[in-house]
Amino acid sequence: MNKKELTPQCVFEQFARINEIPRPSKREEKMINYLMDFGRSHGLPTKRDEVGNVLISKPATPGYEDRETLILQSHMDMVCEKLVDIDFDFDNDAIQTYIDGEWLKAKGTTLGADDGIGCAMELALLDSSDIEHGPIECVFTRDEETGLTGAFGMQAGFMTGKMLVNLDSEDEGQIFVSCAGGKTTTATFRFEREDAPAGYFFMEASLKGLNGGHSGDDINKKRANAIKILARFLYKELSKMDVRLVRFDSGRMHNAIPRDGKICFAVPTKEKETVKADWNVFTTDVEDEFHVTEKTMEFQLGSTNAAAVLPSAIGQNIIRALQAVDNGIYAMCQDEAVAWLVETSSNVASVTTHEGDVVVVASQRSNVMSNLENQGNTVKALFELAGADVEQGDGYPAWKMRADSALTRLAVDTYKELFGKDPQVLGIHAGLECGLFSERYPDLDMVSFGPTLRGVHSPDERLLIPTVQMVWDHLLLILKNIPKKQA
């Protein structure tokens with residue numbers, strides 16, 4: 001199969017064009033301009049709001065003028081992750097894609113199908129002349145991945161439809177009707193560096209090749225977290241000898257499980273052989289622990305140049321805090337019907353070292369807002385005890401299931417008509433913009449679905465090609481059967 005044979009052709013053509021446009025979170029100006037030009041060049045009402053969200057309207061096709069307006073929504077930004085040894089500039093370079101069997105992948109970077117494939121479906125619909133539909137509003141939000149800036153900043157009245165299909169889900173055959181809320185905790189350890197004591201040996205350890213992934217959707221997949229692994233080793237050594245921390249760097253995105261990392265530290269010269277022996281035992285143990293989920297992890301340890309170190313107490317507090325902080329599943333849902341769903345979790349997402357501080361970012365999620373607050377406070381208290389300055393954002397709300405959803409019934413019925421089987425109607429532990437929309441548009445009837453993606457938020461991101469046609473067919477049948485406006 002080559003790219004010209006991908007179906008639906010209209011969607012994949014739009015996706016290819018989107019992937020030529022740099023669109024990192026918070027730096028989506030090129031994509032915003034592209035969308036504005038697209039709408040205007042097609043003669044369609046096009047507008048952007050103060051935060052950069054874009055809405056393109058398209059009138060009903062003949063015979064469908066009496067239907068309710070349907071909103072189609074996706075986010076224009078993408079997570080920018082790459083392999084550590086790949087030279088790639090996300091602000092200027094186009095994503096390079098290739099086909100591997102039934103999967104569409106990118107060469108060493110995230111693919112951008114989260115949520116570029118949703119944007120592509122909207123643009124294909126706007127570009128079409130042979131699809132039956134009522135009035136539609138295609139909405140493209142900005143900065144979903146790092147701050148939900150577009151959804152937070154959208155004012156009531158920007159969208160006018162009463163039903164919304166969010167095209168930002170990642171498992172074909174699943175229709176999502178609720179999602180988790182979330183918040184981010186940032187801990188900053190401040191210090192003035194000092195010279196290491198005489199007679200210390202400097203070492204650098206690194207880890208790469210982990211799966212990483214989405215901190216909501218993949219938190220239950222027993223994947224390793226590079227930060228937690230490297231912190232484990234430092235903590236073990238700290239119990240045997242003086243360890244002077246120089247740098248700890250791992251992870252980049254608040255909503256991704258860190259897949260690689262590097263630490264630099266100094267130990268008394270007489271202990272360097274002990275550290276090497278301990279590293280060999282430790283890495284073997286970790287490989288055994290994760291022999292099912294992490295088959296490609298790579299460890300390295302070697303000497304490095306001397307450098308100024310963190311004060312002893314602060315370095316030790318950072319190591320102990322990273323050893324102790326909650327990471328992974330905190331609680332599963334209590335309701336028997338969804339007992340398989342993660343309710344509350346936390347992900348230690350990044351550690352970044354600067355000249356005068358170390359910044360740790362962790363993200364908490366929960367479908368129960370009181371537990372979200374509790375988990376956030378648990379992480380906050382730990383870092384406060386370690387002496388860090390801690391800040392938390394307001395976070396974003398959970399999206400609660402709507403029991404009387406006409407759109408859910410329509411999505412289920414049309415799926416059964418197309419494929420002869422029931423879809424799964426689910427909640428998701430990841431965050432969706434629907435939670436924020438529900439605050440400003442309390443009467444908005446919403447569902448979320450999309451084609452199958454794997455490895456999102458990592459360079460392993462891939463799109464299952466046949467599911468794009470399935471989702472496209474499902475979307476078109478929903479459009480054709482949107483109910484008439486109520487008098």
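This is a predicted model: local features need pLDDT of at least 70, side-chain atom pairs count only at pLDDT 80 or more; totals for chains, interfaces and linings use all residues.
**Cavities**

- The residues that line the second largest cavity are Glu 172, Gly 173, Gln 174, Ile 175, Tyr 415, Phe 419, Phe 449, Gly 450, Met 470, Val 471 and His 474.
- Strand β8 (174–179) and the helices α9 (406–419) and α11 (465–480) each supply at least two residues of that lining, with the largest share, 3 residues, coming from α11.
- Around the largest cavity there are 13 lining residues, of which Glu 81, Gly 251, Ile 257, Pro 258 and Arg 259 lie nearest the centre; by class, this lining has 5 nonpolar, 4 polar and 4 charged residues.

**Largest pocket**

- The largest pocket holds about 600 Å³ of space and is lined by 34 residues, those nearest its centre being Glu 145, Thr 146, Gly 147, Thr 184 and His 254.
- Its lining divides into 9 nonpolar, 17 polar and 8 charged residues.
- Strands β9 (181–190), β15 (342–353) and β16 (357–366) each supply at least two residues of the pocket lining, and β16 gives the most, with 5 residues.

**Arg 244**

- Arg 244 lies in strand β11, which spans residues 244–250, and counts as buried because its relative accessible area, 5%, is under 20%.
- The side chain of Arg 244 is joined to that of Glu 194 by a polar contact of 2.6 Å, while a polar atom of the Arg 244 side chain lies 2.9 Å from the backbone oxygen of Leu 310.
- Beyond its neighbours within four places in sequence, Arg 244 is in contact with several residues, among them Pro 197, Tyr 200, Phe 265, Ala 266 and Val 309.

**Cysteines**

- The count of disulfides comes to 0, where a disulfide would need a pair of cysteine sulfur atoms within 2.5 Å.
- Cys 10 is partly exposed, at 32% relative accessibility, and its sulfur is too far for a bond because the closest cysteine sulfur, in Cys 138, is 13 Å away.
- Cys 138 is buried, with a relative accessible area of 0%; the cysteine sulfur closest to that of Cys 138 belongs to Cys 119, at 9.9 Å, and is therefore also too far for a bond.

Notes: Residues are numbered from 1 along each chain as its sequence is written. Side-chain values use heavy atoms; hydrogens and water are left out. On a 1 Å grid over the protein atoms alone, a cavity is a set of points where a 1.4 Å probe fits but cannot get out, and a pocket is an open set with protein on both sides within 12 Å along at least five of seven lines; lining residues have an atom within 4 Å of a point. Grid points are joined across faces, edges and corners, and a volume is the space filled by probe spheres set on the points. Helices (H or I, at least four residues) and strands (E, at least two) are DSSP runs, numbered from the N terminus. Ala, Val, Leu, Ile, Met, Phe, Trp, Tyr, Cys and Pro count as nonpolar, Asp, Glu, Lys and Arg as charged, and the others, Gly among them, as polar. Buried means under 20% relative accessible area, exposed over 50%, partly exposed in between (1.4 Å probe, protein chains only). A polar contact is a pair of N or O atoms within 3.5 Å; within protein, one must be able to donate a hydrogen and the other to accept it, and residues adjacent in sequence count only if both atoms are side-chain atoms. Contact means heavy atoms within 4.5 Å.
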